[in-house]
Each structure stands twice: as C-alpha cells, then as structure tokens.
Amino acid sequence: MSTLACGKVQVMSRILIIEDEDSIADLEKDYLELSDFEVVIENDGLKGLEVALKEDWDLLILDLMLPGIDGFEICRKIRESRNMPIIIVSARKDDIDKIRGLGLGADDYMTKPFSPSELVARVKAHLSRYDRLVKSGIPENDVVEIRGLKIDKTARRVWVNGEEKQFTTKEFDLLTFLASNPDRVFSKDEIFRNIWDMDSIGDIATVTVHIKKIREKIEADSSNPQYIETIWGVGYRFRV
Ligand code: CA
C-alpha cells in the first residue's frame with residue numbers, strides 16, 4: 001500500500017465524533033482536521049445516534065458514557081444497518097472488556113487518556129482497511145456474533161469472550177447451523193440430516209454427543225446452557 005493511495009482515501013473522509021467531554025472532542029477534532037479529515041462533533045447520545053444513521057460517515061469515534069443513550073447501545077444500533085469502522089474510546093479499562101464480551105462489532109478500542117496522534121494513526125489504518133475491502137470486492141468475512149460468542153463462518157474460527165476455541169469440522173458445522181438459525185427449534189433428526197451426509201454412519205445419538213462437546217467449549221456452565229437450549233422431547237434451540 002502506497003502512502004499516496006492512503007492520502008487519497010483520507011482527503012474526503014467524514015468522521016463523526018460522539019463525545020460529551022468538550023475538551024476531548026475538540027482535541028480529537030483538531031488533530032483529525034490537521035490530517036485533512038472533515039469532522040463533526042455530537043455531544044449527546046441520542047442526537048449522535050440520529051446523526052450517525054441519517055448521514056453518510058466514513059468512520060465513527062464513539063465515547064461510552066454519554067447523556068441520553070450510552071455508547072454500547074449506539075454501537076449495537078449502528079451495526080444493525082451500517083458497516084463503517086467504529087473506534088470506541090472509554091475512560092475505563094473495564095468497559096473495553098465489556099464491549100468485547102458483548103460482541104457489539106466495534107473495530108477498535110482506546111482507553112482515555114490516549115495520544116491524539118495515536119488516534120489519528122488508527123483512524124487512517126481503519127479507513128484504508130475498509131477502503132481496500134470495498135475496492136477489492138472481496139466481501140467481509142461472514143461473522144455471527146451473539147453475546148460473547150463470535151463465529152467467523154468464512155475463516156471457520158470461533159471465539160468465546162475473546163478466546164479462540166478449537167472445533168472439529170462437524171462441531172463447527174453444527175454450531176454454525178444452530179447459531180445461523182436462532183430461536184428455532186430443530187429436532188435431532190433434522191439436525192442430523194442437515195449436518196451429516198445421508199450415508200454417514202451414525203444416528204441421532206451422534207447429535208447429542210456433538211452438542212455436549214460444543215457446550216463444553218462455549219458454555220460457562222454446561223448444565224445451565226446459555227446458548228444451546230435443550231427443548232425436552234423435541235430437540236435444540238439456539239438462544240438469541
Ligand atoms: Ca463521556
């Protein structure tokens with residue numbers, strides 16, 4: 001990647017800052033404007049969310065503790081419809097852990113106080129990454145995130161609260177099948193037919209064994225599962 005290509009991307013980029021501390025917002029804005037970004041500040045959560053969704057932005061810098069509606073909720077709502085990079089800034093290290101755990105789809109996290117030039121560097125990095133993705137025409141990985149569980153279907157990788165877990169092919173297929181069809185009850189027979197070939201050796205007991213192994217990897221307490229529920233006499237359901 002050449003510096004020139006980066007420069008081109010940045011010239012027209014519009015950045016929204018949702019931050020209620022004026023001194024921090026102004027400092028971020030000053031540094032970003034020095035790098036030729038167009039910057040708008042919103043200092044209220046609700047108004048910030050409204051502006052974030054109403055206009056086109058290339059990147060969002062989001063504080064967590066805000067009047068009106070907090071940054072967790074803003075991030076979640078924006079991710080329902082928008083794919084721009086989101087950098088979260090927070091005064092508390094705990095918040096960063098929480099937002100990772102919630103799997104809200106932020107691209108980056110910074111803890112206050114941070115150096116404004118570090119912020120600018122990260123903004124540039126995220127913008128060029130998004131730009132490359134769009135220009136390359138390669139779609140982003142197909143990722144399912146439900147609470148602390150993140151499944152990258154393209155890369156076939158799974159993380160639980162940020163920690164990667166190893167799955168066999170069938171365990172991965174089964175977990176992905178259920179997580180991609182949340183809140184629906186599947187019988188063991190339906191699951192078996194969807195995941196295993198018609199002529200595989202095995203039966204619905206195979207499903208039970210695999211569910212048990214998956215739970216051991218994704219559930220904090222396998223006897224009280226938060227993701228894959230047993231619906232007695234029917235089958236299983238992935239909770240949203
Ligand atoms: Ca704040």
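1. Let's start with the sheet. Four strands make up an open sheet, running in the order β6-β7-β8-β9, and their pairing is antiparallel. At the edges sit β6 and β9 (163–165), each of which pairs on one side only. From one strand to the next, the twist averages 20°. Keep in mind as you look around that this is a predicted model.

2. Now zoom in on one pair of strands. β6 and β7 are joined in the antiparallel sense over four bridges.

3. Next, the largest nonpolar core, which has 26 residues. Leu149, Leu175, Leu178, Ile191, Ile218, Ile228 and Phe238 are the ones with the most contacts inside this core. Several elements each supply at least two of the core's residues, including β6 (143–146), β7 (149–152), β8 (157–160), α8 (188–195), α9 (204–218) and β12 (235–238). The helix α7 (169–180) is also on that list, and α7 gives the most to the core, with six residues. As a general point, nonpolar side chains tend to be buried together in soluble globular proteins.

4. Setting aside neighbours within four places in sequence, phenylalanine 238 is in contact with Ile146, Leu149, Leu175, Leu178 and Ala179, among others. The list of its contacts also includes Pro182, Asp183, Arg184, Tyr227 and Ile228.

5. There's another core too, lying apart from the one above. This other core has 21 residues, among them Leu60, Leu66, Ile86 and Leu104.

6. Finally, the metal. Which residues coordinate the calcium ion? They are Asp20 (OD), Asp63 (OD) and Met65 (O), at 2.1 to 2.3 Å. Along the chain, the donors follow the spacing D-x42-D-x1-M. Aspartate 20 and methionine 65 link distant parts of the chain, 45 residues apart. Aspartate 20 is in the loop between β1 (14–18) and α2 (22–34), while methionine 65 is in the loop between β3 (59–63) and α4 (71–79).

Terms used: Residues are numbered from 1 along each chain as its sequence is written. This is a predicted model: local features need pLDDT of at least 70, side-chain atom pairs count only at pLDDT 80 or more; totals for chains, interfaces and linings use all residues. Side-chain values use heavy atoms; hydrogens and water are left out. Donors are N, O and S atoms within 2.8 Å of the metal (3.2 Å for Na, K and Ca); water is not among the atoms, so sites may look incomplete. A nonpolar core is a set of buried Ala, Val, Leu, Ile, Met, Phe, Trp, Tyr and Cys residues joined through side-chain atoms within 4.5 Å. Buried means under 20% relative accessible area, exposed over 50%, partly exposed in between (1.4 Å probe, protein chains only). Contact means heavy atoms within 4.5 Å. Two strands pair if DSSP finds at least two bridges between them. Axes are lines fitted to C-alpha atoms, for helices over the stretch in contact, and angles run from 0 to 180 degrees between N-to-C directions.
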